[in-house]
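Let's take a friendly walk through this model together. Have the sequence and the coordinates open as you read.

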Amino acid sequence: MALWSVHGDGRRVRDGAVVAPDERLSWPLTIGFGAQHVAAMFSATVLVPTLTHFPVTTTLLFSGVGTLLFLLMTRNRVPSYLGSSFAFIAPLTAADQDGVAAQLGGVLVAGLLLVGVGVAVKALGVRLLESVMPPVVTGAVIVLVGLNLAPTATRFFAAQPLIALVTVVVIVGCTVVARGLLSRLSILIGVLAGWAVAALSGVLNQDRVDALREAVWFGLPEFHAPQVRPSVILLVIPVVLVLVAENVGHVKAVAAVTGRDLDGSVGDSLIADGLATVLAGAGGGSGTTTYAENIGVMAATRVYSTAAYGVAALTAILLSLSPKFGALVNTIPDGVLGGATILLYGMIALVGVRIWFADRVDFTDPVNLTVVAVAVVAGVGDLKISIGGVAVGGIAWGAVIVVAGYPLLRWLRGRGEPRLNARRPRG
């Protein structure tokens with residue numbers, strides 16, 4: 001049986017019609033749509049290893065392999081691309097002094113934990129997540145992860161302010177003024193613009209330019225083995241909450257645009273992304289997540305075919321086999337990274353705020369107000385306290401405060417309300 005049936009005559013889509021996940025157009029058109037997905041995911045997927053000093057080509061390899069694994073495990077029901085997760089940037093940056101092996105150990109463990117969550121959801125149902133991770137909790141974790149990165153963005157920006165300014169202005173301009181695919185490629189266009197200005201100004205790092213000249217065109221990516229270290233594990237555990245929120249949100253968004261009930265695929269999605277992240281951590285790549293950028297491409301084109309995602313995944317794998325390409329990406333100057341990240345990190349935090357707004361989280365409720373206030377400041381201020389010789393950073397403390405503190409305070413308030421009512425004077 002074919003994986004995809006051909007939609008209509010394979011050459012056109014009627015007005016108002018959509019190409020379903022289990023359908024495809026002709027292969028030349030499918031390859032074209034796959035190229036659009038590569039363009040949509042490219043800048044963000046490449047930016048994460050660039051910021052965390054991971055091999056770009058290795059990340060691309062596991063991104064492509066992870067996407068193929070995701071399509072297989074969700075049985076072609078959930079069109080998605082697995083690109084680099086921005087949630088890993090803060091903990092991996094904080095663990096930079098521990099070395100690549102320890103950082104990869106954190107990625108691997110995060111993937112295993114995500115697989116465990118997926119298995120639980122598959123066994124007990126998606127409502128399990130709603131009870132354990134209410135919007136006030138997931139929103140707070142995402143906010144503190146995004147804002148914890150702010151000092152890194154401003155440091156990059158200050159290193160080359162003019163180039164950073166050009167980069168962020170172009171990104172904002174494309175995002176606000178442009179429409180369609182051009183708007184969705186705003187990060188890539190801004191990075192290219194800043195990169196070009198840096199090259200014309202002669203401020204590219206000469207050592208990196210020399211490495212680009214010497215790099216070969218074809219070769220295997222650079223692989224590294226992981227090492228599990230408790231201090232790094234504590235940093236990445238909060239990332240699992242973000243990955244869960246991203247995956248569940250992605251499945252719900254795809255269900256909305258395709259008109260299909262995909263609640264039964266939430267567990268499969270979490271397991272697949274977890275396994276893809278485990279593979280990346282085992283070999284030297286960044287952790288993965290489902291990409292909202294590619295949902296935008298689907299919504300704009302009304303082509304939800306998973307065949308296009310298969311093409312995008314194979315394209316990423318082919319790009320990963322060029323060390324010259326990895327060396328080229330490595331020449332991106334600090335100012336360009338500063339211009340892109342000062343916007344991106346703020347946007348990560350605002351995703352958490354959007355969750356609060358969408359679910360009408362009530363901050364006049366003292367439980368919500370107090371637990372989020374303490375957690376966010378602990379995370380943004382990067383509170384560091386050592387326990388038993390293990391340094392625990394702000395992201396971990398912030399996540400622990402909100403994940404453990406919310407149910408505890410909610411329970412205490414619930415116990416206190418009857419007593420208060422009992423003491424209320426009778427009229």
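T289 sits in strand β4, residues 288-290; strands here are DSSP runs of E with at least two residues, helices are runs of H or I with at least four residues, and both are numbered from the N terminus. This is a predicted model, in which local features need pLDDT of at least 70 and side-chain atom pairs count only at pLDDT 80 or more, while totals for chains, interfaces and linings use all residues. Residues are numbered from 1 along each chain as its sequence is written, and side-chain values use heavy atoms, with hydrogens and water left out.

Is T289 buried or exposed? With a relative accessibility of 2%, T289 counts as buried (buried means under 20% relative accessible area, exposed over 50%, and partly exposed in between, with a 1.4 Å probe and protein chains only). Leaving aside residues up to four places away in sequence, T289 touches Y81, L82, G83, S84, S85, L243, E246, N247 and D273, where contact means heavy atoms within 4.5 Å. A276 lies 13 residues from T289 in sequence, with 8.8 Å between their C-alpha atoms.

Now turn to a pair of helices. The axes of α8 (residues 161-177) and α10 (residues 186-201) come within 8 Å and cross at roughly 150 degrees; axes are lines fitted to C-alpha atoms, for helices over the stretch in contact, and angles run from 0 to 180 degrees between N-to-C directions. The two helices, α8 and α10, are therefore roughly antiparallel (over 145 degrees; under 35 is roughly parallel, 65 to 115 roughly perpendicular, and the rest oblique). On the α8 side, the residues that meet α10 include I163, V166 and V170, and among their partners in α10 are I187, G190 and V197. By class, this contact of α8 with α10 has eleven nonpolar, five polar and no charged residues (Ala, Val, Leu, Ile, Met, Phe, Trp, Tyr, Cys and Pro count as nonpolar, Asp, Glu, Lys and Arg as charged, and the others, Gly among them, as polar).

Last come the aromatic rings. Rings of Phe, Tyr and Trp (its six-membered ring) pair if their centres lie within 6.5 Å, with planes under 30 degrees apart called stacked, over 60 edge-to-face and the rest tilted. The count comes to three aromatic pairs. W4 and W27 have ring centres 6.0 Å apart and planes at 85 degrees, so this pair is edge-to-face. W4 lies in the segment before β1 and W27 in helix α1 (residues 27-52), 23 residues apart. W4 is buried at 18% relative accessibility, whereas W27 is partly exposed at 37%.
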